[in-house]
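Thanks, everyone. Let me put the structure up, and then we'll walk through its surface and its charged pairs.

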Amino acid sequence: MMRTRSPWILPLSLLAALLLALLPVPPQLQGLRPYWLALVLAYWVMEEPDRFGLGFAFLIGLAADLVVGSVLGEQALRLVVITFILQRFRARLRFFPMSQQALAIGALLLNDRIVTMAVRVTLGEPVQASLAWVSPLLGMLLWIPVFMLLDGLRMGGWRRR
């Protein structure tokens, strides 16, 4: 496996994902917010699976729960489920064309919406609006730009020469 050339790419990408999750969005559009942390974590799990696994996803999810203010463990559970599925099918996903990878990520994000709904129903919280089901589609559309950006940064393709 090729390792990250700069040790700062991982923490900066996760920090950027957390900051994007904190950006204010009008309440009517809250359901359209892509799950940035899942997209960034999916990239790292697919590209460097030996370094990033279930424990890493759990810790990042707990940190996100604390930062965003959600129920402690909700995002941890969501990210662990996504990471588990990605680890299980990583060998196949790596050989898919980018468009098929984007469809697989969209399916993962749709599964994430189902997990989120199950957690909220179990806790007796209000179920998300129907607009929230569009978020996986946005994540699917964002997968290729996110992948290309992180891959370019990880491989050092955008350094000055």
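First, a term: helices here are DSSP runs of H or I, at least four residues long, numbered from the N terminus. With that in hand, tryptophan 8 sits in the segment before α1. Keep in mind that this is a predicted model.

Is tryptophan 8 buried or exposed? Exposed, because its relative accessible area is 58% and the cut-off for exposed is over 50%. Tryptophan 8 belongs to a nonpolar surface patch with Leu12, Leu15, Leu19, Leu22, Val67 and Val68. Together they have about 680 Å² of accessible area. The largest share, 4 residues, comes from α1. Both α1 (9–22) and α3 (54–68) supply at least two residues each.

Now the charges. How many salt bridges does the structure hold? There are 8.

Take arginine 78. Its side chain meets glutamate 74 in a salt bridge, 3.9 Å from N to O. Arginine 78 and aspartate 112 are both buried. Glutamate 74 is buried as well, at 5% relative accessible area.

Last stop, helix α6 (residues 135–155). Aspartate 151 and arginine 154 lie 3 residues apart there. Their closest N and O atoms are 3.2 Å apart, in a salt bridge. Aspartate 151 is partly exposed, at 21%, whereas arginine 154 is buried, at 4%.

Conventions: Residues are numbered from 1 along each chain as its sequence is written. This is a predicted model: local features need pLDDT of at least 70, side-chain atom pairs count only at pLDDT 80 or more; totals for chains, interfaces and linings use all residues. Side-chain values use heavy atoms; hydrogens and water are left out. Patches are made of residues with over 30% relative accessible area and no salt bridge: like charges are joined within 9 Å, nonpolar side chains (Val, Leu, Ile, Met, Phe, Trp, Tyr) within 5 Å. Accessible areas come from the Shrake-Rupley method with a 1.4 Å probe; for residues, only the protein chains shown count as cover. A salt bridge is a side-chain nitrogen of Lys or Arg within 4 Å of a carboxyl oxygen of Asp or Glu. Buried means under 20% relative accessible area, exposed over 50%, partly exposed in between (1.4 Å probe, protein chains only).
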